[in-house]
Amino acid sequence: MESAYPRAVRGHITRRGKAWRVHVYLGRDEKTGKDRYLTRTVRGTKREAENVCAALVAQASQGQFSKSAGTVGELLELWMDHIEPNVSPATLAAYRIYLDRWILPAFATVRVDRLRPAELDRFYAGLRDKLSPASVLKVHTILRASLGQAVKWQMIVTNAASLATPPRVVRPAIQPPSPEQVGALLAAADEFDPDFGLYLRLAAVTGARRGELCALRWSDVNLRAGELVVARALTRGTRELVEKPTKTHKSRRIALDPGTVTALTRQRKIATERAQACGVKQGADAYVFARDVEGKQPWRPDSGVTSRFERVRRSVGLDGVRLHDLRHYVATRLLDAGMPVRTVSERLGHANATTTLGIYAQSVPATDRRAAELLGALLDNPASE
């Protein structure tokens, strides 16, 4: 064993085949009483290993690794508490499922500083037999984010998940419904429940997300100007609905066609008459799609909307069409008609036009026709130049 530093400065390196192993002593663990070491493998020269060792010793001397890294299970619980104020309850609930079913059974008792990329790669390989590539990627995303936070908290130096190899997820081709199919869905929805017929119409002309339409209030609708504002969304919490900002944390103003304005005007009148018949009054902030006549209890995105949609689509034999496909329908039809990508992006509420292009690139018509004609003419008639 070769020592690069005396014991007093708590660091040394050892030769490991063609690599070097860096060891930095961090003192005793307060919980177990055992010595703690920070280790790092350097695949390079001895001088490079010495430099890494010196850097880690300096960081340890400043107290950057004074806290024990603990186990992966402990870290994940701390991380969940840390992100709770900044993510939706639905996201937290989804993360909890992934933790309880897949991540914690495998790594709950593993020390964070001993988790290795190769171990994660084996874990991902085993999950591929049980989960879709997209779900395995979600597991990886959770581990990478939590371990990244552990690096920020100076519990560990390296994020093992960032060095692991997650599965590649191939985005399936988008197959939106045709105008005829959307028309059949709207007609069936009107017959099933006129209120739901209006909901689907709004989905098919605005491209708004399910929870955004559930959160729509009459104060967001300007019938005279023919527009509405998407300012918030509803999502399922642990026990009740939670109102949150839109996905991009920005509100957006959407223009409406005359037919949709007429349908909303009619719905507003019906809602007012229902309330009056029950001896109550709807306020300006009443929900457009509500479970009560006062408009204070909005439709639930799951049981209030998705379950209705499933009944409607079965009635017209369109079991393969999802509610979210109406959003794809809006995007692809607008792009195919030559609408500017930015306009479509703003209508859908994407973070930017790049997001829209990434999802719907195949639906954007070619805009370089003149360039093609010019280059073709140069080849076919070279003498003209």
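**Pocket and sheet**

Reply: In this predicted model, the largest pocket has a volume of about 1400 Å³. Among the 41 residues lining this pocket, those closest to its centre are Arg-209, Arg-210, Lys-244, Lys-247 and His-324.

Me: Which helices and strands each supply at least two residues of the lining of the largest pocket?

Reply: One reads a lining by tracing its residues back to their elements. Here, at least two residues each come from helices H3 (89–107), H8 (194–206), H9 (210–214), H11 (301–315), H12 (325–336) and H14 (353–360), and from strand E6 (232–236). The largest share belongs to H3, with seven residues.

Me: How many nonpolar, polar and charged residues does the lining of the largest pocket have?

Reply: The lining of the largest pocket comprises 20 nonpolar, nine polar and twelve charged residues.

Me: Let us turn to the sheet. What is the order of the strands in the open sheet of three strands?

Reply: Strands count as paired if DSSP finds at least two bridges between them. In this open sheet, the order is E1-E2-E3 and the pairing is antiparallel. From one strand to the next, the twist averages 25°.

Me: How many bridges join E1 to E2?

Reply: Six bridges join E1 to the antiparallel strand E2 (residues 19–28). As for individual residues, Gly-11 stands opposite Val-24 in E2.

Definitions and conventions. Residues numbered from 1 in each chain as written. Predicted model: local features only at pLDDT ≥ 70, side-chain atom pairs only at ≥ 80, totals over all residues. Heavy atoms only, no water. 1 Å grid on protein atoms, 1.4 Å probe; cavity = no way out; pocket = protein on both sides within 12 Å on 5 of 7 lines; lining within 4 Å. Points joined across faces, edges and corners; volume = space filled by probe spheres on them. Helix = DSSP H or I, 4+ residues; strand = E, 2+ residues; numbered from the N terminus. Nonpolar A, V, L, I, M, F, W, Y, C, P; charged D, E, K, R; others polar. Axes fitted to C-alpha atoms, helices over the stretch in contact; angles between N-to-C directions.
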